[in-house]
Amino acid sequence: MPSLPSLRAAVLTGRGLLAATSVRAAHGHGGDAIVPEDFSVPRYVDDRTHPLPEVSHCKTLDASQERLKEKERGSWKELSKEEKVALYRLKFHQSFVEMNKPSNEWKTVLGGVFLFLGFTGLLIWWQRVYVFPPKPHTLEEEWKAMQLKRMLDMRINPVQGLASKWDYEKNQWKK
C-alpha cells in the first residue's frame, strides 16, 4: 500500500500543482526560468588589488553620456573638470580613496559578537539555575576538612605526599 505522502504528491502532480512552472511562480519567479550568470564573460569589480577592471562600470550609455564619450576623443584640454570626473565615473564606480575609506562594518561585527556572547551567557545562567543538579555535599568546606583530617589520621603517603607535610607531634603543618 502506498504511503500517505506519496499519495499526496501524486494527487498534487495530477492537478498540476507540482509542475516546475507553478513551483517557480509560487516562489515569486513568475514562472520564468532563471538565467544563470555566465562567468566566462569579464565582469566589473571594484578591487584595490586589481585596479583596472576588464570592462567599464557603465555598460549602457544614455545620450548625454554618448556625447561626452565623443567629446573625449578630442582634446582633453577642452574638457571641464566635471566632464573629466563624469568620464572617470563611466569607467570606474569608485576611486582609490573611496575604496580605502573605512566602513562602519566593524560596528555590526562587534555588535553581533556581543549579542552572541550575551545569548551564550544567558543560556549558561539558565542551565545552572534550571538544568544542572545542586552541588554534591562532598564539595562543601566542612566535608573537605573532615576528609583531610581522615587522610592525615590514616597517614596517607607519608614519604612525599600530604602526610609528610604534617607534624604529628605538634598537630600542625610543618613550616
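The exercises below, with solutions, concern a predicted model.

**Exercise 1.** State how many helices and strands the protein has, and in what order the elements run.

Solution. The secondary structure comes to seven helices and two strands. Read from the N terminus, the order is α-α-α-α-α-α-α-β-β.

**Exercise 2.** Describe how helix α3 and α4 pack, and classify the angle.

Solution. Two packed helices are described by the angle between their axes and the distance between the axes. For α3 (residues 63-72) and α4, the angle is about 110 degrees and the axes are 10 Å apart. Angles of 65 to 115 degrees count as roughly perpendicular, so α3 is roughly perpendicular to α4. On the α3 side, the contact is made by Gln 65, Leu 68, Lys 69, Lys 71 and Glu 72; α4 contributes Glu 83, Ala 86, Leu 87 and Leu 90. Sorted by class, this contact has four nonpolar, one polar and four charged residues.

**Exercise 3.** Locate Ser 95 and decide whether Ser 95 is buried or exposed.

Solution. Ser 95 lies in the loop between α4 (81-91) and α5 (96-100). The relative accessible area of Ser 95 is 18%. Buried means under 20%, so Ser 95 is buried. Leaving aside residues up to four places away in sequence, Ser 95 touches Tyr 88 and Arg 89. Over the whole protein, 9% of the 175 residues count as buried.

**Exercise 4.** Compare the span of helix α7 with the expected value, and examine the residue Arg 155.

Solution. Helix α7 (residues 141-153) has 13 residues. From first C-alpha to last it reaches 18 Å, close to the 18 Å expected at 1.5 Å a residue. Arg 155, which follows α7, has a positive phi, near 55 degrees.

Notes: Residues numbered from 1 in each chain as written. Predicted model: local features only at pLDDT ≥ 70, side-chain atom pairs only at ≥ 80, totals over all residues. Heavy atoms only, no water. Helix = DSSP H or I, 4+ residues; strand = E, 2+ residues; numbered from the N terminus. Buried < 20%, exposed > 50% of the residue type's maximum accessible area, 1.4 Å probe, protein only. Contact = heavy atoms within 4.5 Å. Expected span 1.5 Å × (residues − 1). Axes fitted to C-alpha atoms, helices over the stretch in contact; angles between N-to-C directions. Parallel < 35°, antiparallel > 145°, perpendicular 65-115°, else oblique. Nonpolar A, V, L, I, M, F, W, Y, C, P; charged D, E, K, R; others polar.
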